[in-house]
Amino acid sequence: MSDLQKQVQEAADRLVESGEERGLQVAAFRDGVQIVDVVAGVADPETGRPVTPDTPFYNFSIGKGATSAVAHVLVERGLFGYDTRVAELWPEFARHGKEAVTVRHVLSHTAGVPGVPLDTTPEDVCDWKTMVAALEDAELWWEPGTKMGYHAYTFGFLVGEIVRRVTGKPISQVLREEVAGPLGVADELYFGMPEREHARLARLEDAPMDPSAWGEMPADLPMFKAAPMTLMPNAELGSRPDYLSADIPAGGKTSARAVARMYAALLGEVDGVRLIGEERLREVTAVVSSGMDEVFGMPSAWGLGFNIGAPGRTPEQSPTVFGVGGAGGSTAWADTATGTTFALTKNRLTHDFAAAELLGGLVERG
């Protein structure tokens, strides 16, 4: 066992023993080779089923990394470009002055359609046609490309419908055929997960929340206009069978090793598979939009589909790191400077990235 594997295992065990975490996975690759493969704790407290390396976790937003990877693979194939107007591929999207929105705007969270209707239900989110119709009817919050704001739910449906229009297939099928399948992780990386597989998932639970946390947020924060409270991420929502089965490419069901492997194949070759070329990687990981996030009110920087910067550090402090973290504290990233990728998946939904910063820091220094 390597020193790094041992250090990460001990740190993960401590997090579980202290009660801060219930069950988790940590995976890291360097130059296409897995260097950390750690599990700790239980996937299901009721049965005592342990976390194993192939246990899938429902991860809010981490799936956006896979959504972006699918888009880049199709751009690499020449099926569309970053400056292709969305309405060229999906004419109905042009309604209400959205004809100028490009794929680049969508991937960099500058498209200006960050919100879903405030009467959207979880059942609606599970219905592709309903969400596509909502996007077609959406009005712009700002002129595309002029501001940046996290498109929490809409990102996945925007990219997913672009993918469906150019391939004729749902994005979950394209993920399997073009990304997860070639990388050997088709049974660990999903958008829509077949119901027969649900029993393999880790069971989510909410960490206790400081009741004052919501109170500190201004009531007029745009995030409260971007989605109803019933769609805010929590264990109940992420455990619904319809949510688990549906294609909701704003999130995903994945093991840490599957998503870390995917990022490794964006950086370079993994067992003969490389998802995008060197030039595309440079374009994808360059900052496209940065500044104050118009929806969530914090500073942020985006490349094409990936947040720039490591958890707990600014983009300026970690400009070569790209990835997507998720509500609940799971995260996945890659570092173009070191050839390292990292993923943490966990079933206790916390309100910070403390575990990701701790374990990711060990990998970075290791």
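In the predicted model, Phe-157 is in contact with Val-125, Trp-128, Met-131, Leu-135, Asp-247, Ile-248 and Pro-249, neighbours within four places in sequence being left aside. Phe-157 belongs to helix α7. Its relative accessibility is 1%, and Phe-157 therefore counts as buried, the cut-off for this class being under 20%. Between the C-alpha atoms of Phe-157 and Lys-225 the distance is 18 Å, with a separation of 68 residues in sequence.

Helix α7, which spans residues 154-167, also contains Glu-161. Glu-161 counts as buried because its relative accessibility is 1%. When residues up to four places away in sequence are not counted, Glu-161 touches Trp-90, Trp-128 and Val-132. With Trp-128 there is a polar contact, made between the two side chains at 2.8 Å. Trp-128 is also among the residues in contact with Phe-157.

A further feature concerns the packing of two other helices. Two packed helices are described by the angle between their axes and the distance between the axes. For helix α2 (residues 63-76) and helix α12 (residues 256-267), the axes come within 10 Å and cross at roughly 35°. The crossing of α2 past α12 is left-handed. On the α2 side the contact is made by Gly-65, Ala-66 and Ala-69, and on the α12 side by Met-262, Tyr-263 and Leu-266. Five residues of this contact are nonpolar and one is polar, while no charged residue takes part.

Terms used: Residues numbered from 1 in each chain as written. Predicted model: local features only at pLDDT ≥ 70, side-chain atom pairs only at ≥ 80, totals over all residues. Heavy atoms only, no water. Helix = DSSP H or I, 4+ residues; strand = E, 2+ residues; numbered from the N terminus. Buried < 20%, exposed > 50% of the residue type's maximum accessible area, 1.4 Å probe, protein only. Polar contact = N/O pair within 3.5 Å; in protein donor to acceptor, adjacent residues only side chain to side chain. Contact = heavy atoms within 4.5 Å. Axes fitted to C-alpha atoms, helices over the stretch in contact; angles between N-to-C directions. Left-handed = near helix turned anticlockwise from the far one by under 90°. Nonpolar A, V, L, I, M, F, W, Y, C, P; charged D, E, K, R; others polar.
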